[in-house]
Structure formats: C-alpha cells, structure tokens
Amino acid sequence: MTAYKDMTKEELSGVKEELERQFQEVKAKGLKLDMSRGKPSTEQLDLSMGMMDVLTSKSDLKCTEGVDCRNYGVLDGIGEAKQLLADMMEVPKDNIVIYGNSSLNVMYDTVARSMTHGVMGSTPWSKLDKVKFLCPVPGYDRHFAITEFFGIEMINVPMTPEGPDMDMVEKLVSEDESIKGIWCVPKYSNPQGITYSDETVYRFANLKPAAKDFRIYWDNAYTIHHLYDDKQDYLLEILMECKKAGNPDMVYKFSSTSKITFPGSGIAAIAASEGNLVDIKRQLTIQTIGHDKLNQLRHARYFKNISGMVNHMKKQAEILRPKFDTVLETLDRELGGLEIGSWMAPRGGYFISFDAMDGCAKAIVAKAKEAGLVMTGAGATFPYGKDPHDSNIRIAPSYPTLEDLKVACEIFVLSVKLVSAQKLLG
Ligand code: PLP
C-alpha cells in the first residue's frame, strides 16, 4: 500500500477520480445511516428486559432498611443498590450516594453546587473572578458543555496512550489557584478507549493543587464495559489512592448503569470521601426527599450482586464486539498504510476515535453526510467544539445493525480517502 503522500500528483489524481466514481455510486443509493450515537442497540436493551418482571404487584417492596420503596424515605439510596453500585465502582458502601437516572445530572449538580455554595466551605466559584477546568482532549462533549454553561474557562490537555499529559496537569494545577477541576473518563475513555495507567492514577492522587477546592471529576462511565474476556484493562482505584496520598477529598467518582441496563432509566451514583459526602448530602436533603427507590430495587434484585452484573456485561460484549471488529477491520483494510489517518483499538467502552490529517475532519464528516451517513460533528470532542487541528472524529459503532454498520464504515473510509486526496492535491 503506497502512502498517499508518496504518490505523484498524477497517481493521486487517478486514485481520486476512481474514489469519486465510487462515491457517486454510493450516494445514488440514498442511504440513511448513523454512526454518531453512543447508545445501545435495541438488541442490547433487550438483554435487560428481565428486569421489568422483577417487581410485580405481588412483590415485597421493602428494601434492606425495612422501608417500603413505594413511599418516601432513604435519601442516599437503598442498601442493596448501594452495595451493588459500590462493588461496581470498587469503593466501600459507605462512600457512595445513589442518585437518580443519570450520572451526567450528578456531575452537573456537583458543578452547580460548587458555583453557588462552594466546596466544603470554600468560596462559591460564582464569587470568584475566574474559574478554570482542565479538559483532556479529545473528550466527552457533554462534560465540556457543563463547564461552558457555567462560564468556566476550559483548558485543553492532550491525551496520551497512558491518560492525560500529567506533566502539564501537575504544572497547571500547582501554579494556578483558579483551576478548580479536571474532567476525566479514566477507563475506556470517550472517545479514545484509553485506560489511564497506574502511573497516571498515582500522579493524579498525588497532585498538589494550588486550590484547596480543586476536585478531580472521575467519570468512570465504562468501568465494567469490556469488549473481551481475555483482554481487559485494569484501572487503579482512585479513591483509595487519594486517601493513601493524604488527599482523600480531592476526587469525586461518578458512574451509572446507563450502558448496563437502560440509558435514561438506570441508576447513577457518586462516590467520595466522608467529608465530601457530608457536603453533598447537605444539598441533597434540600433538593429531594429521595430518588426512585423502585428502580434501585429493580436493579438490585435483577442482578443480585456484582457477578450478576459482570455476567450481564459479557452478553453486552458479545453484541458489541463484532461491531467494533467491523469498524477496526475496515479501517485496517482500507486505510492501513495510506498514512491519512490513525486510530486505536479499544478493549472496551463505546467508541473508536479516528484522527484524520490536520484540517480534514469537518470535510470528512460533511462528505459522509452527503452519502447519507451521520457522524458525530467534527470538533465535538473538544471544548467549545473547536478542534485546533480539525482532525478528530468519534465513531460510535453500537447503535446501527451489523449490516448497516458495514455499509457505514465503507462510506466513512471512502470519505476519508477522498477528502485526504483532495487535501494533498491542494
Ligand atoms: N459519561 C460518559 C463518559 C459518557 O460517555 C456518557 C454517555 O455517553 C455519560 C457519562 C452519560 O451517563 P448517564 O446516562 O449516566 O448520564
């Protein structure tokens, strides 16, 4: 395979002409495909349907606290749900609070509380001239949307295969008191599928922030979302590492069952130190009389324990794996050696991240759309929607059927080739 950049102008023009022909052929089919949505397919949702039968009109609806789950009570989550989520999040049960149906909502709430009431007694962020967050990039657009919404300035920190550039993180947080947080997706990251190395986690736990109200927003959304039985990433547990480092309050850990059972109808939780939880509960007690305990009970009884959940995730993986393999095989087969893009093969999570030649991502996404394929908007993986290199594209293989995904991948690689050839030809 000759790299495009090593071809003569004539050779590359010839290639481009043939690609144009193929593109017009595909476009004529009037397809409607979507690789933008990081959500489970119907087949995956069907895996959890048994959960709908767990609670019936005949069920005993008392939780371990002896409280009737149909009624008010138990502010921070029923015991059995706490145990399940604590095991999933690898923290002691006492360090967890169960919320409602969305971890993103918990993250929003956490930032909002810090803005209005501060963090464990510190000045509310809204009273400060400047508040900044570090944002490992590429990252999750909805994280960036929260900090943008509150007028928090975002600073890009490049990702490496080991996690965020820790030299930069250490330097910035130790020098700048206005840096109050960092967004992290530490396992099977969105969008690259990177898991932070032990060294990275260790360095996070040992940060020496200038701001005493600096917090690591550790969004472990994909904690048990492995694609393979034999190749799994392992992430050092941050709460314990922070405690050992003498920084017990420095981290909030978030997770949910969104991509385990039903997104939007799962259960979410925060895990944090005792000190942080006191702060959090002070707000929670005003905010609600309690979250949906029936849903908590349904989840806890359906899975029984963490092994039930892990087994369930193996079934999810069986559906997801061929889809990830299809994307990766197509990228390897069609783009390998052309030197017009790079990508990583994740071992879990929901996404594959593609880096095109600089200045090509927007054009590739637009080209794919012309042929009926919707991709996540280029730039979405960066704060303010601005990818300084216009290079990163997030691929979400989960939602389409395998058949549709195969066609979508062909359109994608065709779009990459066409746009790259055009760019090189100038
Ligand atoms: N965090 C990450 C990293 C995600 O990718 C997503 C969904 O794509 C979420 C959080 C959303 O989680 P929830 O449904 O619990 O709000």
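Me: What makes S2 and strand S9 (residues 268-271) a pair?
Reply: Two strands pair if DSSP finds at least two bridges between them; S2 and S9 have 3 bridges, in the antiparallel sense, so they meet the definition. Within this pairing, Ile-98 stands opposite Ala-269 of S9. The model is a predicted one, in which local features need pLDDT of at least 70, side-chain atom pairs count only at pLDDT 80 or more, and totals for chains, interfaces and linings use all residues. Residues are numbered from 1 along each chain as its sequence is written.

Me: What makes strands S2 (96-98) and S5 (163-164) edges of the sheet?
Reply: The open sheet has 8 strands in the order S2-S9-S8-S7-S6-S3-S4-S5, with mixed pairing. S2 and S5 each have a single partner strand, so one side of each lacks a neighbour in the sheet. Strands here are DSSP runs of E with at least two residues, helices are runs of H or I with at least four, and both are numbered from the N terminus.

Me: How do you know that strand S7 (residues 215-219) pairs with S8?
Reply: DSSP gives 4 bridges between S7 and S8, which run parallel. Tyr-217 has Tyr-252 in S8 as its bridge partner.

Me: Why is strand S8 (residues 251-256) called mostly covered?
Reply: A residue is buried if 20 or more other C-beta atoms lie within 10 Å of its own, exposed if 12 or fewer, and partly exposed in between, with C-beta atoms placed from the backbone. In S8, 6 of its 6 residues are buried. In a regular strand the side chains alternate between the two faces of the sheet. Val-251, Lys-253 and Ser-255 are buried on one side of S8, and Tyr-252, Phe-254 and Ser-256 on the other.

Me: How do you know on which side or sides of helix H12 (residues 361-370) the buried residues lie?
Reply: The buried residues of H12 are Ala-361, Ile-364, Val-365, Lys-367 and Ala-368. They cover an arc of only 160 degrees around the axis, taken from the directions from the helix axis to the C-beta atoms, and therefore lie on the same side of H12.
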